Amino acid sequence: MIRATNFLSLLVIIAACPAIAADMDRAIIAGAPLLSYDNAANTADTLEPSGSGFSGYVEGSVSKAFDTPYDVDGRAWTLRGSINIEGPSGLNVQFDGGYARTTVENVGVDQLVGAGHVYYRDRDFATGGFVQANSVDADYLGYSLNDTIKDYLGGMEGAWFMDQATIYGRAGYGQAKWEGYSADHAMGAIGARLYATDNFRFDMEGAVNRLSHADLKLDTRSATLSVNYRPESVPVTLFSGYRFDQIEPSMSGASLGHANVSTIFAGLRFSFGSNSLKDEERNGPVWTASSLLP
């Protein structure tokens, strides 16, 4: 049981670290970060697919947690990239990769993410499936705390394209593994991208993740708001936003309390193969990976 409880503690680190240092619930595990990491990168176009194409982006962002339990200071930086290959008859393949480093007090957390998407897209909608893998390592003052936590996830995703908006959703299921232990991982998300112009967009997303191991459960809930702007003359997008995360562990159906964390983030995205934010989404990468860390 002690080992199982330790596993839950590690899951708390995982779910916590994502919200960018989002929050630390020391009552559950000393130094368990909540890292928020932005989901603000996907984008747009409205016209019909060209029938063949290669496009994508590389981005970097920084984030800082505030209004955290015990006023813990948390910071993170993230590098991400995505490419989309558009084939004939609306068939598309998208690949994502990313690295995030979170620091909360003297605890550091590294996360690697890789994902693949195969989907059909036309003028009005996109639908398909995804698989992804995450790995998470934590250290204290440079010394590793535990073996790597690995998370594997697969699921379905879909998007509906309107003239000035995109509505999308995804759902997945998989497992997180650590030292012979495993936890079921279920997730779901729904969001909207609203275009003021083809190069000025507001993003909103709500997501939930549940990690379950025997009688232990860890729920994370998040809400993200962001704004994106891409000058017409250069393929660079500036984005910034706010994220709220709530982490709630429970045992045998009884809540062990919850931790709330607020995070602000900002970054730059360098795009290729697209002419605007809207064009990038409608004819290029449309999805984002769902990290184990929020």
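Biologist: Are arginine 193 and glutamate 281 buried or exposed?

Modeller: Arginine 193 is buried, and glutamate 281 is buried too, where buried means under 20% relative accessible area, exposed means over 50%, and partly exposed lies in between, with a 1.4 Å probe and protein chains only. Please keep in mind that this is a predicted model, in which local features need pLDDT of at least 70, side-chain atom pairs count only at pLDDT 80 or more, and totals for chains, interfaces and linings use all residues. Residues are numbered from 1 along each chain as its sequence is written, and side-chain values use heavy atoms, with hydrogens and water left out.

Biologist: What do the side chains of arginine 193 and glutamate 281 meet in?

Modeller: They meet in a salt bridge, at 2.6 Å from N to O; the term means a side-chain nitrogen of Lys or Arg within 4 Å of a carboxyl oxygen of Asp or Glu. Arginine 193 lies in strand S9 (residues 181-197) and glutamate 281 in helix H2 (residues 277-283), so the pair ties together parts that are 88 residues apart in sequence. Helices (H or I, at least four residues) and strands (E, at least two) are DSSP runs, numbered from the N terminus.

Biologist: How many salt bridges are there in the whole structure?

Modeller: The search finds 13, and one of them joins the side chains of aspartate 245 and arginine 243, at 2.7 Å from N to O. Aspartate 245 is buried at a relative accessible area of 1%, and arginine 243 is buried at 5%.

Biologist: Which residues do salt bridges that share partners join into one network?

Modeller: Those are Glu59, Arg80 and Arg269.
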